[in-house]
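Subject: Structure handover

Hello,

Here is the structure I said I would pass on. My notes on it follow below.

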Amino acid sequence: MKIDEKYDYIICGGGATGLLLSNLLISDSFFDNKRVLVIEKEKKINNDKTFSFWDNQKNILDKIVFKSWGKAEFRDLEFSNSFSLKPYKYKMIRSDEFYSFTKRKIDRASNFTYLNAVVTDIIKESGLNYIQTDKGNFQCSIAFSSIYNPDEFEFKKYPLIKQHFLGWTIETQEDFFDEEKIRFMDFSIDQHQEIRFMYVLPFSKKSALFEYTFFGGEIMKNSDYEKEIKKYLDLEGIKKYKITEIEKGVIPMTCYPFFNANTDNFIKIGTSGGWTKPSTGYTIKNSIEKIEIILKFLKEDKPLSKLKFKNRFWYYDVLFLDVLVDSKGRGSRVFSDLFRNNDPLLLFKFLSEKTNIFEEIRIFISVDIVTFVKSLIKRVKSVYLKDFLRN
């Protein structure tokens, strides 16, 4: 195989995580002498999605936060709770701002090259990585890949729930929105024997994003999502509005151990590496924290194969996904129990994986414990049965 160029690091995929990794490498002078190639098949310029997360400290993306909120609301048919997020802030970043911000930094970095190309194969051998693309072949010492192809994996042991959504950003003629408060989840909408909720981010008194979201179920035609958004706006009393932007997406929620594909000098990152929080679908904050750990490994010349990112919260997520699958359309009740019976800030702390074991026990006993126990027994039996058959 002819090699067109050699690099120290190659980042396969210039989406959110690949660009975050680039940003953090550029921001650390330790890597100034490393030649880095970023390969991305698409020209990332449009606002095709929003990146949201909650945080109680400064991070590298604060410069491009489009809007942040200090209050939130949870709703279902029988219960509503508005609460302060302090000490957290809920932050939202527009993808077009994110792409342009990180791309400018890459363009200014003399040790970085950005290539629009399609990765056709990644070959790992003899301590090196060979990246084949439709625009040439490249060699590197360390490779990172955010390329996600679900057809490569068997998800029977680890359920895959697709979080899919369509959102409208609208502008109204009159003041309608509390621009300081997000609607984190609204389960008061028709569930149709599935798990559905509305997610609302107000940008001003006259502008907001309304996102119709599923946990599981079949991906629908755009018109079906839009029909439900229209119905919701009508119930909110919003009759006259203009749609200014549309976004649509699918986020895989799974505990599949993608990290088993890592080698000493190759690592999967982002959704491809299992960095999407399985119980929520949030990725961006997880990515920042995990990239910082990877950079530490690189500085200390430690093998990347040692990075599993598997802790007790991973096991909690496995169980939670099992419960959602086993609930057969009643999963919204789990979220209602959590928000009805706990301080919301404790839940955000738990989802950030910062709680202690005593706080976690308090959360577990606040929900329908029978449902969780049944899913746990089913999971344990499945593991033991597989081990028995294997032996």
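A residue counts as buried under 20% relative accessible area, as exposed over 50%, and as partly exposed in between. By that rule Glu-179, with a relative accessible area of 22%, is partly exposed. Please keep in mind that this is a predicted model.

Salt bridges

The whole structure holds 30 salt bridges. Glu-179 takes part in one of them, with Lys-205, where the closest N and O atoms are 3.2 Å apart. Because Glu-179 sits in the loop between S12 and S13 and Lys-205 in the loop between S14 and S15, the pair ties together parts that are 26 residues apart in sequence. Lys-205 is partly exposed too, at a relative accessible area of 40%.

Another salt bridge joins Arg-312 and Glu-360, at 2.8 Å from N to O. This pair links distant parts of the chain, 48 residues apart: Arg-312 belongs to helix H5 (residues 312–326) and Glu-360 to helix H8. Arg-312 is partly exposed, with a relative accessible area of 37%, whereas Glu-360 is buried, at 0%. Salt bridges that share partners also join Glu-73, Arg-75, Arg-183, Asp-186 and Glu-236 into one network.

Glu-236 is in the loop between H3 and S16 and Arg-75 is in strand S5, 161 residues apart. Glu-236 counts as partly exposed at 29% relative accessibility, and Arg-75 counts as partly exposed at 23%.

Helix H3

Helix H3 covers residues 222–235. From its first C-alpha to its last, this 14-residue helix reaches 20 Å, close to the 20 Å expected at 1.5 Å a residue. Which residues of H3 are buried? They are Tyr-225, Glu-226, Glu-228, Ile-229, Tyr-232 and Leu-233. Seen down the axis of H3, these buried residues fall within an arc of 160°, so they line one face of the helix. An α-helix has 3.6 residues a turn, so residues three or four places apart point the same way. Lys-227 and Leu-235 are exposed on the other side of H3.

The buried residues of H3 pack against several strands, including S5 (71–75), S12 (160–172) and S16 (241–254). After H3 comes Gly-237, with a positive phi near 80°.

Backbone points to check

Most residues other than glycine have a negative phi, and most peptide bonds are trans. His-192 is not a glycine, yet its phi is positive, at about 50°. Gln-193 also has a positive phi, near 60°. His-192 is found in the loop between S13 and S14, and Gln-193 lies in the loop between S13 and S14 as well. His-192 is partly exposed at 43% relative accessibility, while Gln-193 is exposed, with a relative accessible area of 65%.

The peptide bond from Lys-86 to Pro-87 is cis, with omega near 15°. Pro-87 lies in the loop between strand S6 (80–84) and strand S7 (89–94).

Surface patch

Ile-357, Phe-358, Ile-361 and Ile-365 make a nonpolar surface patch of about 440 Å². Phe-358 is part of helix H8 (residues 357–364) and is exposed, with a relative accessible area of 65%.

Regards

How values were computed:
Residues numbered from 1 in each chain as written. Predicted model: local features only at pLDDT ≥ 70, side-chain atom pairs only at ≥ 80, totals over all residues. Heavy atoms only, no water. Patch = residues over 30% accessible without salt bridge, like charges linked within 9 Å, V, L, I, M, F, W, Y side chains within 5 Å. Areas by Shrake-Rupley, 256 points an atom, 1.4 Å probe, with all protein chains shown as cover. Salt bridge = Lys/Arg side-chain N within 4 Å of Asp/Glu carboxyl O. Helix = DSSP H or I, 4+ residues; strand = E, 2+ residues; numbered from the N terminus. Buried < 20%, exposed > 50% of the residue type's maximum accessible area, 1.4 Å probe, protein only. Expected span 1.5 Å × (residues − 1). Arc of directions from axis to C-beta. Contact = heavy atoms within 4.5 Å.
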